[in-house]
Amino acid sequence: MKDKKANHRFRMPMLALAAATAAMTAACEFRDPGASYVDHAFGSTGLGPGQFSYPRAIAVSPKDGRVFVVDKTARIQRFSAEGEYEHQWRMPEYAHGKPVGLFVDRRGRVWVPDTHYARVIVYDEDGNELFRFGERGEGPGQFVFPTSIALDRHGNIYVGEYGGNDRINKFTKDRKYLFSFADAASGEGAVARPTQIIFDKDDVLWVTDACHHRIARYDSSGKFLSAFGSLGTEEGQLMYPYGMALEEPDSLVVVDQGNNRIVRFDREGNFLASWGSPGRAIGQVRKPWDLARAADGRIYALDSWNNRVQVLDW
């Protein structure tokens, strides 16, 4: 079943949010180079198919472009690349809390850091469980609140977590624990709530170090390489960066949750552009939690407090 009411289509230049409807039509034909546009939006407030209740993580499958969203009902919903509702399933337990992260690998497997149950559960694209691992604790291979997952080019698994275990854990592809890094003993490389972790083509791990209000980088052995960002509202500053996606050849986009915007940087941390402002209108966001980037370059911005996804052509 498709929730047609939850899928809103339009094109609108973000440089003219207050323009009239006629101006929107003209913008479809005449774009300023580098301007940002909302291609379409989908989702609405509610508990039905295609609706959301405070969504907090989104991922696009590199296999087929399908979109997965998890919200505070512990549902994982699957959509087509255009935002048409397809399927959903619910986490096995959710009384103590719901997941805050999602990752889809090249095989289409959906990795869910089951945050409040101190484990990772992996599903196929239809919601059939494939395997799980992890247990509560602060020891090697244990989790407190896992938030984020990434795989390196060899298939090794990395899990970010917070809540007494602010660190990143490395496992083999067979889920054997190897080591942890970026913990409190790591000096300038220590993280505080690593909400998103992503590998680039050079096997450098990028981390949204949310409570340090910065983006940090590590190699696959856990060595700290560099970081950029500071707390604030100005260009180049961040306030609780949560989601992130890498762009080729040399930029990244970051969900600046506390500032109600999405920011683009080059890979040296230089500010390039921002999109969004606080509000309910299309082109505005309220406490965005995450974003995902499709192979065609479109950005799926998870507008969490507005219970929708805005798809940007930026």
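A pocket is defined, on a 1 Å grid over the protein atoms alone, as an open set of points with protein on both sides within 12 Å along at least five of seven lines, whereas a cavity is a set of points where a 1.4 Å probe fits but cannot get out; lining residues have an atom within 4 Å of a point. Rolling a probe the size of a water molecule over the atoms shows where empty space is left. The structure is a predicted model, in which local features need pLDDT of at least 70 and side-chain atom pairs count only at pLDDT 80 or more, while totals for chains, interfaces and linings use all residues. Residues are numbered from 1 along each chain as its sequence is written, and side-chain values use heavy atoms, with hydrogens and water left out.

The largest pocket is lined by 36 residues, and Pro 62, Phe 103, Arg 106, Ile 198 and Phe 199 lie nearest its centre. Two or more lining residues come from each of the strands S3 (57–60), S7 (103–104), S11 (145–151), S15 (194–199), S19 (241–247) and S23 (290–293); strands are DSSP runs (E, at least two residues), numbered from the N terminus. Strand S15 gives the most to this lining, with four residues. By class, its lining has 20 nonpolar, four polar and twelve charged residues (nonpolar: Ala, Val, Leu, Ile, Met, Phe, Trp, Tyr, Cys and Pro; charged: Asp, Glu, Lys and Arg; polar: the others, Gly among them).

Two cavities of 30 Å³ or more are present in the structure. The largest cavity has a volume of about 100 Å³. Its lining consists of 13 residues, with Val 100, Gly 101, Thr 147, Thr 195 and Asp 290 nearest the centre. Strands S11, S15 and S19 each give two or more residues to this lining, which divides into four nonpolar, six polar and three charged residues.

Glu 161 is found in strand S12 (residues 157–162). This residue is buried, with a relative accessible area of 0% (buried means under 20%, with a 1.4 Å probe and protein chains only). Another polar contact, of 3.2 Å, joins the side chains of Glu 161 and Asn 165.

Technical notes:
Grid points are joined across faces, edges and corners, and a volume is the space filled by probe spheres set on the points. Buried means under 20% relative accessible area, exposed over 50%, partly exposed in between (1.4 Å probe, protein chains only). A polar contact is a pair of N or O atoms within 3.5 Å; within protein, one must be able to donate a hydrogen and the other to accept it, and residues adjacent in sequence count only if both atoms are side-chain atoms.
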